[in-house]
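Please read them with the coordinates open beside you.

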Amino acid sequence: MSGTGRREDEVRRMLEGPRPQVPADLAASAAERGARLLRRRRALLRLWALALFAAVVVFTVWALTVRPWEAPPAETTPVVVR
C-alpha cells in the first residue's frame with residue numbers, strides 16, 4: 001500500500017471514532033475575535049492613511065517654502081573681465 005492510501009485509512013479511522021467535545025461558546029468567541037481583528041486592521045489602515053496624508057502635506061509645505069527646483073543664488077559675484 002502506498003503512503004497516500006495509508007494516510008487515507010488513518011484519516012478514515014479518525015473520522016469514524018468518537019468526536020471530541022467542542023466548547024459551547026466557540027462560535028461566539030471566534031466571531032468576537034474576528035470582529036476585534038477587523039477593528040484593529042481598520043484602525044491600522046486609517047492610521048497609515050493619516051500618516052501618508054500628513055507626510056504629503058509636510059512635503060508640500062516644505063517644497064513650497066524651500067523651492068528646491070530653483071537654482072540657488074550665486075554666493076560670489078562673477079569676475080569682471082576688461
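1. In this predicted model, D9 has a relative accessibility of 27% and therefore counts as partly exposed, since that class lies between under 20% for buried and over 50% for exposed. The side chain of D9 meets that of R12 in a salt bridge, with an N to O distance of 3.7 Å, and R12 is likewise partly exposed, at 47% relative accessibility. Both residues belong to helix α1 (residues 3–16), where they are three residues apart and so separated by about one helical turn.

2. The closest N and O atoms of R36 and E32 are 3.8 Å apart, and R36, at 31% relative accessibility, counts as partly exposed.

3. Most residues other than glycine have a negative phi. R67 is partly exposed, with a relative accessible area of 42%, and E70 also counts as partly exposed, at 43% relative accessibility. The count of salt bridges comes to three.

4. Which residues make the nonpolar surface patch of about 780 Å²? The patch is made by L44, L47, W48, L50, F53, V57 and V61. Of these, F53 is found in helix α2 (residues 26–66), and its relative accessibility of 56% means that F53 counts as exposed, the cut-off for that class being over 50%.

5. Turning to the whole chain, the model has two helices and zero strands. The radius of gyration is 34 Å, well over the 12 Å that the globule rule gives for 82 residues, so the chain is more spread out than a compact globule. Taken along the principal axes, the C-alpha atoms fill a box of roughly 105 × 40 × 10 Å.

6. How much of the chain counts as buried? Of its 82 residues, 2% fall in that class, while the accessible surface comes to about 8500 Å², of which 64% belongs to carbon and sulfur atoms. As for charge, the chain has 14 positive and 8 negative side chains, and the centres of these two sets lie 6 Å apart.

Note on methods
Residues are numbered from 1 along each chain as its sequence is written. This is a predicted model: local features need pLDDT of at least 70, side-chain atom pairs count only at pLDDT 80 or more; totals for chains, interfaces and linings use all residues. Side-chain values use heavy atoms; hydrogens and water are left out. Patches are made of residues with over 30% relative accessible area and no salt bridge: like charges are joined within 9 Å, nonpolar side chains (Val, Leu, Ile, Met, Phe, Trp, Tyr) within 5 Å. Accessible areas come from the Shrake-Rupley method with a 1.4 Å probe; for residues, only the protein chains shown count as cover. A salt bridge is a side-chain nitrogen of Lys or Arg within 4 Å of a carboxyl oxygen of Asp or Glu. Helices (H or I, at least four residues) and strands (E, at least two) are DSSP runs, numbered from the N terminus. Buried means under 20% relative accessible area, exposed over 50%, partly exposed in between (1.4 Å probe, protein chains only). The radius of gyration is taken over C-alpha atoms; the globule rule is 2.2 Å times the number of residues to the power 0.38. Lys and Arg count as positive and Asp and Glu as negative; His and the chain ends are not counted. The place of a charge is taken as NZ of Lys, CZ of Arg, CG of Asp or CD of Glu.
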